[in-house]
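Hello,

I am passing a structure over to you, with some notes on what turned up in it. Please have a look at it first, then read on below.

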Amino acid sequence: MSKGTIYKRKDGRWEARISMGKDENGKCVFRSFYGKSREESEYKAMIAQGQAEEEYVVTEMTVRELVTEWLHVTASRIKESTAANYAMKAEKHLIPAFGEIKCCLLKAKDIYAFIERKLKEGLSARYLTDIIVLFKSIYRYAVREYRIRNVLDGIILPKKNKPEIAVMNKEQQLRLEEYLREHPSFSGIGINLSLYMGLRIGEVCSLQWKDIDLEKRILTVSKTIQRVQCRTGSKHTKLIITEPKSESSKRVIPIPDCLLPMLRQFKDSIEVYVVSGKKKPVEPRTMQYRFAKILHNADLPSFHYHSLRHYVE
């Protein structure tokens, strides 16, 4: 809304007072619009003005309706895991904060207040940035489809602090390697593959023996496994195997000589999953739990599984 003021009256109602031009005597003509909320009075004023700005449309569509439509439209064009991730962020953060606001009434100050509040609640700057980037995509869609003003354009993202990943020193790494040699197991295979070859936990859990060629001494990474939220049905989550996040994650890696004896010892039929020893995979959180148990048994401090990718030469 331009050329006007909005304030709360003593009777509890909100009043949006705007300029409607000048009369024949050159005197400014003002008109007031009332509502039970600031947004209602402002919306009525915007309708009276025609448009907030000439190139944009005033609409009754709420942020909830816009987000729901965008999730539906994009679902068929992105991976199932990505769609589930977007839906979770929208339903947990965006809709509770902005859902009932009309798209055309959302303001930059609302976005910055949301960012400040979420940071105070303990949300990391990195995760919050992902949410705002998602919101920006949704509003770009609104601009294309409905000519709604893009309030997210120009929003400055929160500064991300690079997290410090606790990694093993050389002595701790050698102790883990020694423990894995003395206690061979399916989980130990996965840990060694991450330690020596840089495989992520989802890649390790989705690995089957058909992905390992011991004659050519190569391992092919072409999939990953993760648990995602279900959009339909009675189950809240489900385990899915999908392609890695990026094309660069699909790769063929030479197998180090030190891993060949262990792999030959456990070699199984092509459909068997490497770290489960069965035709059913182990999910990442189970693998993380097993890794934690091995660290405890080896008298090592706690480390996140991802730390295995930081190998100390």
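**The largest pocket**

The largest pocket has 35 lining residues, and Asn85, Lys89, Arg200, Gln226 and Lys245 are those nearest its centre. (On a 1 Å grid over the protein atoms alone, a pocket is an open set of points where a 1.4 Å probe fits, with protein on both sides within 12 Å along at least five of seven lines; lining residues have an atom within 4 Å of a point.) This is a predicted model, where local features need pLDDT of at least 70, side-chain atom pairs count only at pLDDT 80 or more, and totals for chains, interfaces and linings use all residues. Residues are numbered from 1 along each chain as its sequence is written, and side-chain values use heavy atoms, without hydrogens and water.

By class, the pocket lining holds 13 nonpolar, 13 polar and 9 charged residues (Ala, Val, Leu, Ile, Met, Phe, Trp, Tyr, Cys and Pro are nonpolar, Asp, Glu, Lys and Arg charged, the others, Gly among them, polar). Helix H3 gives the largest share of this lining, 7 residues (helices, H or I, are DSSP runs of at least four residues and strands, E, of at least two, numbered from the N terminus).

**The sheet**

Three strands form an open antiparallel sheet in the order E4-E5-E8. Strands E4 (212-213) and E8 (251-254) are at the edges with a single partner strand each, so one side of each has no neighbour in the sheet. E4 pairs with E5 (residues 218-221) over 2 bridges (pairing takes at least two DSSP bridges), and Asp213 is opposite Ile218 in E5.

Best wishes
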